[in-house]
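This report describes selected local features of one protein model. Please consult the sequence and structure shown below while reading.

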Amino acid sequence: MNGDGMSAQRPGPGSPREYRFPRSVEHLTANGLRIIVLPMPARPLASVQLLLPGGAALETASNSGLTAALARLLTEGGERHDADQLVEASELLGAKIGAEAGWESVVIGASLPASRLAGILDLVAEIALAPRVPEREVDRVKALRLAAIEQSQASPRARASEALIAEIYSASSAYSRPMGGTRESVAAISRDALMERHALLLGAGVPTVVVAGEIEAAEVIRTIESSPLAQLRASTPAAPTTADAPSTGAAGTAAAPRLLLLDRPGSVQSELRIGKVGRSRLDPLFYAALIHSEVLGGLFGSRLNRVLREEKGYTYGAAAGFEFRRGRGPFTARTAVESSVTAPALVEARVQIASMTPQPPSDDELNAARQYLRGTFPLRFGSASPVAGAVAGLVAVGLEPSELDRFQSAIDAVSGDEVARVAAALDAETERIVVVGDAATVAAPLRDAGFAVEIRGDGRGA
């Protein structure tokens, strides 16, 4: 105690409180519609999410972006309501309907008072079963997406990330392209193609309705079974795709790693990206990969950020980690630095990525990652919407809702050896490097540092 009666010792963190993810109640209708209900006491604002399996991972290069465009157009109305009427009808229920495309599914969702559930189910069913998709709105959505593509091409950050995935995955892989499509594929979108995509979406597997909130499970199931949503049918899933096919281009060697430099004349800083094919969400080492990501490039005190920012002063921040999908999503490391330190920053970033194998995480690093992941996990689920969304995301990749209940214990159980296995497997993958910067300034230092530099002139001007 000091003279004021205050303790002079700084208090440490308390023990984490036990958290239980809401228990799910499931039901399968006669048509094969899967219903998952997650009762959440004291959460009067409920969330409804309809998951239609079959997302952007099923697309080819020629129809890339079709699923994302369809999702944006679903809320333009259905058989009984046009877009304005749909907004009005949903607002009368205290709700707002939205739709979003993912790699594995399209989700139509809404949040609203639990007492008004029946009304929103009718509206969700209307746009899911028979969307209006007006021709003029197709043109508008295409124009918006084309404008967004132009904007992203002018952004060095977006340009670097897009170029990296094209380097990591083969051209035949859906993962090699932005989910929203390319300039060529978006320009080719037609209403007929969108309606064909919609028909495929209704026949791509098992549709699922997820409802969370202050609700009674049996009552919700009865309400859904008596709603138009009950018309949805399960079908044979679409054939597996090669969405995660790695690139077959030249890999380079350790002595001269291949580097793609997108010239951006006059740029005073460089965007750096290092990538490899990563891991699937279904991978048994998923939790170890989460720890790997935090230790390497997730936490503020991660190896990448500590060295590149704190010790070297090269950047304001650096990050790295896995993006998990049903197929093997990308692993990426990313930062931006002044042009003058492009080469040493890139060299150091590669050193830190490679350090995870010869120098497995220390006990302090493991504990910091565990505490962060455990501690932030409950904070994500304070309301019904993220709970329903998390369950829908698991269903989309083929996992059960119970996976979320074991998250914290699975994180605690991750060993240093498992993280080392993740690191070793990552080391074995072909590395891709992309830099967006001023070639006149950075190309020579990069070559001097041992990189085999290929320069392309599509990084846009400063």
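## Basis of the model

The model is predicted: local features need pLDDT of at least 70 and side-chain atom pairs count only at pLDDT 80 or more, whereas totals for chains, interfaces and linings use all residues. Residues are numbered from 1 along each chain as its sequence is written, and side-chain values use heavy atoms, with hydrogens and water left out.

## Strand β7

Helices (H or I, at least four residues) and strands (E, at least two) are DSSP runs, numbered from the N terminus. Of the six residues in strand β7 (residues 258–263), five are buried, that is, under 20% relative accessible area (1.4 Å probe, protein chains only); exposed means over 50%, and partly exposed in between.

Strands pair if DSSP finds at least two bridges between them. Strand β7 runs parallel to β12 (residues 452–456), with five bridges, and Arg258 is opposite Ala452. Strand β7 also runs parallel to β11 (residues 432–437), with four bridges; here Leu260 is opposite Val434.

Helix α4 (135–154) contains Glu135, which is partly exposed at 44% relative accessibility. Val133 lies in the loop between α3 (117–129) and α4. Val133 has a phi near 50°, a positive value in a residue other than glycine, and is buried at 0% relative accessibility.

Most residues other than glycine have a negative phi. Ala42, in the loop between β2 (34–39) and β3 (45–53), has a positive phi near 65°. Ala42 is exposed, at 55% relative accessible area.
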